[in-house]
Structure formats: C-alpha cells, structure tokens
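Here are my notes on this one, in the order I'd go through them with the model open. Have a look at the structure before reading on.

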Amino acid sequence: MTEIEKPKKVSVNDSTSDLQRVRDKVGHFTNCCLRKMLRSPFNDSECMHCSVLPLCMGGCHFLELKRQNKCIPEKYIMSDLVALYYADSMKAKKVLV
C-alpha cells in the first residue's frame, strides 16, 4: 500500500504568481469570447453587400482572425444550388402529375 502524498507548502510568492497566471489566461479567454460575441456582420461592408448574409451571418470567425477568407463555400455556388433545386422540384412535380 502506497502512502498518500501530502500537498507541498507553497510560499506566498509562488501562489501569487500562480494566481496571476490563471488571471492572465482567464482574461485572455474572456477577451477572445467577448470579441466573438460582439462581432457583427453588419459592421463589415463586404458582408452587408453579400447575398448569403442571412445564411452565414458573417462567416467563420476563426478564419477571419487568421486573415483568411471567412466566407462559406455556398457563397460561390449558390446560383448552381438554386438551379439544381429548381430542376429537382420540376422533376418531382412531373412525377406527381
């Protein structure tokens, strides 16, 4: 049977630095979350003039932070998707009649 280790005593200086590191990490996390929550596609001129804004609501936040294209793939193929949907619905309509 092994003996349970007792917690080590920590000096005041060590615990203060540990607490500060936790505060720094929580603060950084909180700032990232706030930026994401307060992000609005209505403040972006590219989004405001985009036809798929109601579908994507501003695209990918992560890609935007990486300075990459944040737009969803459907933006580039929306007209093809609508044409396919229309063709499929016309075929289904003919089958029902």
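1. A term to settle before anything else: buried means under 20% relative accessible area, exposed means over 50%, and partly exposed is what lies in between. Glu 46, at 44% relative accessibility, therefore counts as partly exposed. Keep in mind throughout that this is a predicted model.

2. Which residue does Glu 46 pair with in a salt bridge? The partner is Lys 75, with the closest N and O atoms 3.5 Å apart. This pair ties together distant parts of the chain, since Lys 75 sits in helix 5 and Glu 46 in helix 2, 29 residues apart. Lys 75 has 26% relative accessibility, so this residue is partly exposed too. Side chains of opposite charge can pair when their charged atoms come close.

3. How many salt bridges does a search of the whole structure find? The count is four. One of them joins the side chains of Lys 70 and Asp 44, at 2.5 Å from N to O. Here again distant parts of the chain are linked: Lys 70 is in the loop between helix 4 and helix 5, while Asp 44 is in the loop between helix 1 (12–38) and helix 2, and the two are 26 residues apart.

4. With a relative accessible area of 9%, Lys 70 falls under the 20% cut-off and so is buried. Lys 70 also forms a salt bridge with Glu 64, where the closest N and O atoms are 3.3 Å apart. Glu 64 itself is partly exposed, because its relative accessibility is 29%. Zooming out, a network of salt bridges links Arg 39, Asp 44, Glu 64 and Lys 70.

5. Is His 61 buried or exposed? At 13% relative accessibility, His 61 counts as buried. This histidine belongs to helix 4 (residues 61–65). If you set aside the neighbours within four places in sequence, His 61 is in contact with Arg 35, Lys 36 and Arg 39. Arg 39 is also a member of the salt-bridge network above.

6. Now the cysteines. How many disulfides turn up in a search of the whole structure? The answer is zero. Cys 47 is in no disulfide, and the nearest cysteine sulfur, in Cys 56, is 5.8 Å away. Cys 47 is buried, because its relative accessibility is 7%. For Cys 56, the closest cysteine sulfur is that of Cys 50, at 5.8 Å, which is too far for a bond because a disulfide needs the two sulfurs within 2.5 Å.

7. Staying with Cys 50: this residue is in the loop between helix 2 (45–48) and helix 3 (53–56). Its relative accessibility of 18% is under the 20% limit, so Cys 50 counts as buried.

Notes
Residues are numbered from 1 along each chain as its sequence is written. This is a predicted model: local features need pLDDT of at least 70, side-chain atom pairs count only at pLDDT 80 or more; totals for chains, interfaces and linings use all residues. Side-chain values use heavy atoms; hydrogens and water are left out. Helices (H or I, at least four residues) and strands (E, at least two) are DSSP runs, numbered from the N terminus. Buried means under 20% relative accessible area, exposed over 50%, partly exposed in between (1.4 Å probe, protein chains only). Contact means heavy atoms within 4.5 Å.
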